[in-house]
Amino acid sequence: MSVQSVPSSARPSRGLAVAASVALAVLVASALGLGSIISALKLQLNKMPIQPRSGLKFHTLPTELAGWKMVRDEVMSAEGLAELGTENYVTRWYVGVDAAGKPVEPEVAVQLHAAYYTGMIDTVPHVPERCLVGGGMEYAGATRTVPVPIDMSRLVPDPDLPPLADGSRVWTARNARVPSRVRLPIGVEKLQMRVTPFRDAQAKQSLFAGYFFLANGGVAPSADDVRLLAFRLQDDYAYYAKIQFLSPTVESAEELAEIAGRMLDDLFPDLMLRVPDWVEVTEGRYPPDNPRGASASAGGASSSR
């Protein structure tokens with residue numbers, strides 16, 4: 001079998017070959033240098049999934065809260081679950097009740113939706129601006145970010161943690177169901193939520209929907225803020241939880257935020273049992289195979305020799 005010679009016009013010149021070799025060497029060196037930087041700074045480009053120590057899921061949230069009582073749960077279809085992207089969720093309707101447990105007048109109805117995600121997630125799915133419009137509703141006004149009033153008199157600073165760099169504290173809370181204080185997310189005293197008004201033109205029904213996120217021990221009002229919190233390069237793990245409130249009985253974004261605040265005054269400890277305690281994670285005490293805990297143990301062993 002004869003071998004045809006390559007035409008001289010198709011052969012790379014010596015100068016081009018040298019340039020290609022140099023470029024390849026630079027790329028290899030850059031990759032090695034980047035790897036060294038990532039290693040030296042202990043940056044984690046791949047995030048591991050993490051679950052709360054309690055093992056509790058959102059569907060186990062209490063059906064009765066101070067001033068609120070469940071009227072029904074909504075269960076998603078298999079198709080809906082696939083679109084939601086997680087099976088750890090709850091969608092539950094509550095109504096406001098008086099001290100005797102009877103619905104207040106005028107009626108106040110609120111839907112609580114919570115969904116948990118962990119590991120490497122590229123996008124933050126299923127905010128109301130997407131799913132409600134996709135379900136046939138239309139905007140009835142602009143999306144606004146409003147403060148959620150939390151009763152800070154119910155909270156106590158964590159005595160085991162010093163003030164943060166900006167002087168703020170990590171707060172703790174408890175309730176009748178969670179008697180031992182649990183840590184709340186950093187920034188809870190400045191909690192905000194994004195609220196949008198919607199309307200159903202055919203049914204002539206209007207509602208307000210608002211949400212915020214818990215992510216890697218902090219709070220965030222938007223998807224972009226979630227990415228900043230949940231995918232910090234120094235963190236080994238990543239999680240976020242969307243906490244959403246929807247009501248057809250309120251008349252403003254501020255009223256929805258005020259109702260969310262009243263519910264959270266009782267509900268926050270229950271929510272925090274269903275996400276990881278980020279202080280334990282960053283200090284290497286949880287989960288059991290936390291690389292930070294292994295590093296600390298190795299360091300202690302080395303220093304004792």
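## About the model

This is a predicted model, in which local features need pLDDT of at least 70, side-chain atom pairs count only at pLDDT 80 or more, and totals for chains, interfaces and linings use all residues. Residues are numbered from 1 along each chain as its sequence is written, and side-chain values use heavy atoms, with hydrogens and water left out.

## Helix α4

Helix α4 spans residues 223–230, and its buried residues are V226, L229 and A230. These residues lie on the same side of α4, because they cover an arc of only 80° around the axis (the arc is that of the directions from the helix axis to the C-beta atoms). An α-helix has 3.6 residues a turn, so residues three or four places apart point the same way. On the face turned away from the buried side sit the exposed residues D224 and L228.

Two terms deserve a word here. Buried means under 20% relative accessible area, exposed over 50%, and partly exposed in between, with a 1.4 Å probe and protein chains only. Helices (H or I, at least four residues) and strands (E, at least two) are DSSP runs, numbered from the N terminus.

W278 belongs to helix α6 (residues 278–282) and is buried, with a relative accessible area of 10%. Leaving aside neighbours within four places in sequence, W278 is in contact (heavy atoms within 4.5 Å) with I50, N216, G217, R232, D235, Y237 and Y239. W278 and G217 are 61 residues apart in sequence, yet 4.9 Å apart in space, C-alpha to C-alpha.

The largest pocket has a volume of about 650 Å³. Of the 35 residues that line this pocket, the closest to its centre are R183, D277, W278, V279 and E280. Helix α6 gives the most to the lining, with 4 residues. By class, the lining has 19 nonpolar, 7 polar and 9 charged residues; Ala, Val, Leu, Ile, Met, Phe, Trp, Tyr, Cys and Pro count as nonpolar, Asp, Glu, Lys and Arg as charged, and the others, Gly among them, as polar.

A pocket is an open set of points on a 1 Å grid over the protein atoms alone, where a 1.4 Å probe fits, with protein on both sides within 12 Å along at least five of seven lines; lining residues have an atom within 4 Å of a point. Grid points are joined across faces, edges and corners, and a volume is the space filled by probe spheres set on the points.

## T86 in its loop

T86 is found in the loop between α2 (78–84) and β3 (89–96), and is buried, with a relative accessible area of 12%. A polar atom of the T86 side chain lies 3.1 Å from the backbone nitrogen of N88, and the backbone oxygen of Y116 lies 2.8 Å from a polar atom of that side chain. Beyond neighbours within four places in sequence, T86 is in contact with L81, A115, Y116 and Y117.

## Backbone details

Most residues other than glycine have a negative phi, and most peptide bonds are trans. N216 has a positive phi, near 45°; N216 is in the loop between β11 and β12 and is buried, with a relative accessible area of 2%.

A cis peptide bond joins E105 and P106, with omega about -5°, and P106 lies in the loop between β3 and β4. The peptide bond from Y286 to P287 is cis too, with omega near -5°.

Notes: A polar contact is a pair of N or O atoms within 3.5 Å; within protein, one must be able to donate a hydrogen and the other to accept it, and residues adjacent in sequence count only if both atoms are side-chain atoms.
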